[in-house]
Amino acid sequence: MRNFLLLVLVTTIFALSSCVSRVSIPEGEQPQLVIDLQMLRGSDNIFAAVHTSTNLNGSFPIENPDNVEIFVDNGSGIDVPSQFVYNPETKVYDYVAGQELVNVTSTLSLSAQIRNSEIPGITASSRVPKYNELVDTELIASRIVSDNEGEFWEGTIRFNLEELNINTSEYYHLMLNEKLQTKEETVNGPVYTTINPEESLFEVIDVTSGEFAVREFLHTDGLWIDLDEMDADFFEVTIRSTIPMTLEGQTSDNIFAKLYSITEEHYNYNLGLSNMESSESSLYGEQGLYRSNINRGFGIFSACVMKRQTINLIK
């Protein structure tokens, strides 16, 4: 009986070790620089969040250094020691150089280091994607739904992307917004009046077609799109207004969309963050994989462009 239990124990250990690939991290691993720098063309609020890492044993405290030199080169030949200045109130580094660096299809290069520190400097690169837009938008179904807070518009919409069937990988972040508007029918067609210009996100109820390519991430808003996973030339999404219908003639005919063209690294970084949040909330979830494109460090350096579109669902 004793030998049998020993055999079971050895067999169990072997089975577990064959299913899980474990990577040992040295106890004395030194801290590294961690940076989050996501650059949107045309944005007046570009900043870098920087801190240091620790190891699995927590040997090193995580610090937020205020003496980091950060430089981004787009090939224009700017020669300044740092284009980013530390903001003690927000504890991030604001971009202050003023020049537009994010040019479509150009490649940006990042370098950053802590002055007078043994922590190694980091480098990274990101190729700016091209603009794209939504085309062939079609309202498939719509209805009014009710709950304790009132009545709300809900609709299923079919979307297509320009140049969808291409041979290169493309990634997008789609935000679908609404404004409080009313509609009046006239002999020349509908006339829309904006009651409140502030935009608010539609609630995504379901991705009814293309769900492998179009996903929601747990840590952020909007829809994340990976064209490699598309199994058709369109995707369908059911969305619901978050503005209760209280006005005469109130309408949700217009969608004010923002389509961000993003890099594969940007998509994978956010996919990793979403997976980490999912695994932390699940008792049996696999530990989420942290994605990074930083050399000799961790984090993300990416560039993106954004196109605004107003989509009228009744056209």
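## Two long partners: strands 8 and 9

Strand 8 (residues 134-147) and strand 9 (residues 150-161) run antiparallel and are joined by eleven bridges. Here, helices (H or I, at least four residues) and strands (E, at least two) are DSSP runs, numbered from the N terminus, and two strands pair if DSSP finds at least two bridges between them. One place to look is S142, which stands opposite G155 in strand 9.

Before going on, note that this is a predicted model, in which local features need pLDDT of at least 70 and side-chain atom pairs count only at pLDDT 80 or more, while totals for chains, interfaces and linings use all residues. Residues are numbered from 1 along each chain as its sequence is written, and side-chain values use heavy atoms, with hydrogens and water left out.

## The sheet they belong to

What is the order of the strands in the open sheet of four? The order is 8-9-15-12, with antiparallel pairing. Strand 8 and strand 12 (203-209) stand at the edges with a single partner strand each, so one side of each has no neighbour in the sheet. On average, neighbouring strands of this sheet are turned by 20° against each other, direction ignored; axes are lines fitted to C-alpha atoms, for helices over the stretch in contact, and angles run from 0 to 180 degrees between N-to-C directions.

## Two residues with a positive phi

Most residues other than glycine have a negative phi. D136, in strand 8, has a positive phi near 55°. Is D136 buried or exposed? D136 is exposed, with a relative accessible area of 58%.

K91 has a positive phi too, about 60°, although it is not a glycine. You will find K91 in the loop between strand 4 (84-87) and strand 5 (92-95). These strands form a hairpin with four residues between them, and they pair in the antiparallel sense over four bridges. Within this pair, N87 stands opposite V92 in strand 5.

## A loop residue: E229

E229 lies in the loop between strand 14 (223-226) and strand 15. With 42% relative accessibility, E229 counts as partly exposed. Which residues does E229 touch, not counting those up to four places away in sequence? The contacts (heavy atoms within 4.5 Å) are with F212 and A213. F212 is 17 residues from E229 along the chain, yet their C-alpha atoms are separated by 5.9 Å.

## The second largest pocket

The second largest pocket has a volume of about 540 Å³. A pocket is an open set of points on a 1 Å grid over the protein atoms alone, where a 1.4 Å probe fits, with protein on both sides within 12 Å along at least five of seven lines; lining residues have an atom within 4 Å of a point. The volume is the space filled by probe spheres set on the points, which are joined across faces, edges and corners.

Of the 21 lining residues, the closest to the centre of this pocket are Q38, L40, Y260, H266 and C304. Strand 1 (33-40), strand 10 (171-186) and helix 2 (264-281) each give two or more residues to the lining, and strand 1 gives the largest share, five residues.

Key. Buried means under 20% relative accessible area, exposed over 50%, partly exposed in between (1.4 Å probe, protein chains only).
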